Amino acid sequence: MEGILTDCVQNSLRYFMYRNAIFLCERLCAEFPSEVNLQLLATCYLQNNQAYAAYNILKGMQMALSRYLFAVACYQMDLLSEAEAALSPVNEPSAEIPNGAAGHYLMGLIYRYTDRRKNAIHHYKMALSIDPLLWAAYEELCMLGAAEEATAVFSEAAALCIQKQYLQNGLATQNLYLPNEDRNLVSSKSAGTEDISPRQLKHMQANNLKDIPGNYHGAAVSAAAASQPLNGGPSNASFYNTPSPITTQLSGVAPPPLCRNLQPNGPNLNMLGTDSSPKSTISSTIQAPRRKFVDEGKLRKISGRLFSDSGPRRSTRLAGEAGANANMSTTTVAGNGTTNSSKYLGGSKLSSVALRSVTLRKGQSWANENIDEGMRNEPFDDSRANTASTVSSSFPTSDTRSAVQEGTTVPIGGTAMNGSRIMTGASDLLGLLRILGEGYRMSCMYRCKDALDVYLKLPHKHYNTGWVLSQVGKAYFEVVDYLEAERAFTLARRASPYSLEGMDIYSTVLYHLKEDMKLSYLAQELITTDRLAPQSWCAMGNCYSLQKDHETALKNFQRAVQLNPRFAYGHTLCGHEYVALEDFENGIRSYQSALRVDARHYNSWYGLGMVYLRQEKFEFSEHHFRMAFQISPHSSVIMSYLGTAMHALKRSGEAIEMMEKAILADKKNPLPMYQKANILLSLEKFDEALEVLEELKEYAPRESGVYALMGKIYKRRNMHEKAMLHFGLALDLKPSATDVATIKAAIEKLHVPDEIEDNLRLLISRSCESDLSFVGDSHTNRGLDVTMGGEAATLV
């Protein structure tokens, strides 16, 4: 009954029938209460987005998989301190992180969101060392600015690691979990059958083996076994001290056999590379399956390996059933020879790495431990057919490992592959990840032009996928090429219309291009696709912000943050709208919230700098602009405003140097040229200022602020006719009504020395605020528009 219920639960999860899985698993736990069954129930709830239920089920449990699943539930509920305590108990500082690479990745997330960057980086790197294919960990390292070059991470050494992991996992599956005839009757749905020689079958039946079947439940148990100490280090005593929910289950019952080593009819894999003596050949070819019980001392020495491949104990009642009905036992080996752990952890972001992390940890333990201690190969003997099977035959020795890697065939993804094919496939995959990883690393370092060049190296079929095209769109967005960014995002939408990757940035691109119809259509599409995605509400907020309805825009951005409090871009957009509404206090809070989520979100550093610049807190402003500049050192706009803050602090020489760097970074951006002219004017270098403005007119021929500033310079030089001419040209370019009044006042007081200087400076700022809105770097203005004289311009 237990096996049937377990299989039904697994099938329900496989076909996304979560309500049915929960119902049946509750029956399973009621009939056969055990911690392993509760793990399966908690997995059902996690996949059904009911983390609170899994939290209450697993609280207080000590098995490794129980702690991992409990930590996942805590993470989803934002209980980060409890999640950390579950993965790394305070009273056991040397305890292994459960579930291998997935456990380290989850610990890295916890450390990241509790502002412990160094610890987060350490665990992400540990996860990658265990599983080189854990792309999510490399992504996190890139976002933290701590990723190594992709060629170093996805190297040939990683390919060897992958080959080793698959081969050793395949060997373990073949040798440890080969079903006998009785098991095939029960497990024919989920386990591949293999022929057993008549001689072996005869002795199995004659001896009436009384194996207590392992309590296997797909992902729950396979991951539980794998999450025990597998790194060659000391075993975690808490695993053996785990109390059962029903205390009477283990009373008076002998422990199950540590290993069931059933050999197929054919050559033993361990004979490869060993001596060719008759004894060796016979013992490795036709020896009957035997069980070997180990005393308590040796149990502790080999527990890290053995318990990784044997299930937890069954209940007392089940043990009795196994004694009375030796033929009723189950197995969880899938048809392809691998466990089913990935099925039951797939509901969370972390689950996709669970299976690979398990297999690699197995590989490490087998490679590092002395597997010969307390075990030996013996020739077949009829009189001892009921003894324990040797364990050493399950693992390749150091002498035979190379031969095993070359000649062994293991099932992977339904295909039989040998060592060379695995190596070839791993190398091809890592070659692809090297390109993708290096491009993503360059993007996170804001070396966007280099990133674009790297992405062009991808094969055509991979370049034209939604994720890659979205990354290309983001890179163009960062270099202020909005037309190319729109083109890339349009192709991404066409390739993956269901994906929301990068759609928040796409909506901002349309905002800058003032494509209100396209933006409105995109927002409606995203809301229809997923109302609970923050990207959808960002697009809706951008629609209202483009229409200058900042209050409604703010509500939409707040909705995005409510859906995902760790969405840094949403917090930043809220800050922009608060600033637009002149609510600087709440704007500062929003920017700081974004930085708590992502300290490298330079847009928020920039936003804080602009707020302090408007409040004339120039020291604070310079600090925040410099922080943004350290993160994004190629941004022309950030350089421009950093120079403006320096000039306000009477550091004009440094300010001019920064402006020149900004001009070189983006010659199409008129902002640093204008700011340089302003600084030269303040230093009374009129001729140099006029040279800069004459050059600026070629890039921005219709900017009224440029002509107004030239008029001011000519006035200071007492060239009233040229001053009048340029004031008139500024009026002809149709500035705002306020600026028109200011220019007319300047004309009327043209012969009054320097009386209108302050008003004219305000005019220039306002004029550029409205006219130079197209300039900027990756995230330019949001309707406040880029300014020239210290007015706010919010990067988005």
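In the predicted model, the charged end of R27 sits over the ring of F23, at 4.7 Å from its centre, where a charge counts as over a ring if NZ of Lys or CZ of Arg is within 6 Å of the ring centre and within 35 degrees of the ring normal. R566 likewise lies over the face of Y113, 4.7 Å from the ring centre. Residues are numbered from 1 along each chain as its sequence is written, and side-chain values use heavy atoms, without hydrogens and water. Because the model is predicted, local features need pLDDT of at least 70 and side-chain atom pairs count only at pLDDT 80 or more, whereas totals for chains, interfaces and linings use all residues.

Rings of Phe, Tyr and Trp (its six-membered ring) pair if their centres lie within 6.5 Å, planes under 30 degrees apart being stacked, over 60 edge-to-face and the rest tilted; by this rule there are 17 aromatic pairs. One of them, Y55 with F70, is stacked, at 5.0 Å centre to centre and 25 degrees between the planes. Y55 is buried, with a relative accessible area of 9%, and F70 is buried, also with 9% (buried means under 20% relative accessible area, exposed over 50%, partly exposed in between, with a 1.4 Å probe and protein chains only). Y446 and Y602 form an edge-to-face pair, 5.0 Å centre to centre with 85 degrees between the planes; Y446 counts as buried at 15% relative accessibility, and Y602 is buried at 0%. Ring pairs also link W135, Y138, F154, Y440 and W467 into a cluster.
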